[in-house]
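Visitor: I am new to this structure. Please take me through one part of it, slowly and closely, strand by strand.

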Amino acid sequence: MRVATWNVNSLRARLERVEGWLAEVEPDIALLQETKLADDAFPALTFEALGYHCAHHGQGQWNGVAVLSRVGLDDVTVGFADGGDPDVDARLISATCGGMRVSSAYVPNGRAIDDDHYQYKLRWLDRLATHVGTESAANDAVIVGGDYNIAPDDRDVYDPAKFVGATHVSEPERERLAGLVDRGLVDVFRRHHADDRIYSWWDYRAGDFHQGRGMRIDLLMCSEPVVARSRWCLIDRNARKGKQPSDHSPVVLELAD
């Protein structure tokens, strides 16, 4: 079974590229973020033609998350499984696919340390930890994949000195991410690439992709039963090349049956 997560940065702008990538890589489960579509504009028929069942949680020109599955799609929920108020943004969707409980997560950017959006990001991550605890209590096999907008440690940024005092690398953000580990999730990429400096996001400006100035902020956080089945995990840099790419590359995980 093959699972992927990808911030597509607008399905409207990149649908043809996403179609081509799905046809080539053939993930059984694809977690998409930043679709930037309302639910009634989501191209479900396009994905169904490729063999996928779909679930989407959108809000128009911002945010938006989806689950595509060729191995079943049941018990779809949107937002946090914490009993709290609904999130103001469309940033989280969960479903049961192929015997696993999967969530597609688009963590808030945070903007700047002194911005209110940063505090929203920290609160959002606290709620995600509770969500993970709830899902893990009911399921052994859990994957929470997505754009976390956090580089887990200094291996995951091209030059740590350039990010001092910035979001994505601050201690409170990294502590929240470590809280997901405390809830039983593992950054499966690091199980296969302990020391590699490989990135999943590059700014469009100044040729950052070609200059290697990136960050690894797209993660597949998996429970141990899922990690035990993992054969390999990679970041598909080729998807960042060519005409009008997303600024993110997909992360792909291969699982044994």
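Guide: Some ground rules come next. This is a predicted model, in which local features need pLDDT of at least 70 and side-chain atom pairs count only at pLDDT 80 or more, while totals for chains, interfaces and linings use all residues. Residues are numbered from 1 along each chain as its sequence is written, and side-chain values use heavy atoms, with hydrogens and water left out.

The labels are simple. Helices (H or I, at least four residues) and strands (E, at least two) are DSSP runs, numbered from the N terminus. Two strands pair if DSSP finds at least two bridges between them.

Now look at strand E8, residues 142–147. It is mostly covered: 6 of its 6 residues are buried. Buried means under 20% relative accessible area, exposed over 50%, and partly exposed in between (1.4 Å probe, protein chains only).

E7, H3 and E8 make a right-handed β-α-β unit. Right-handed means this: with the strands pointing away from the viewer, the path from the first strand over the helix to the second runs clockwise.

E8 also pairs with E12, in the antiparallel sense, over 5 bridges. Isoleucine 143 shows it: its bridge partner in E12 is cysteine 222.

Stay on E12, for serine 223 lies there. Serine 223 counts as buried because its relative accessibility is 5%. Leaving out residues up to four places away in sequence, serine 223 touches Asp140, Ala141, Val142, Gly184 and Leu185. Contact here means heavy atoms within 4.5 Å.

E12 leads on to helix H4. The buried residues of H4 pack against helix H3 (116–138), strand E9 (185–187) and strand E12 (218–223). Those buried residues are Glu173, Arg174, Leu177, Gly179 and Leu180. Residues three or four places apart in an α-helix point the same way, because there are 3.6 residues a turn.

After H4 comes glycine 184, with a positive phi near 105°. Gly184 is also one of the residues that serine 223 touches.
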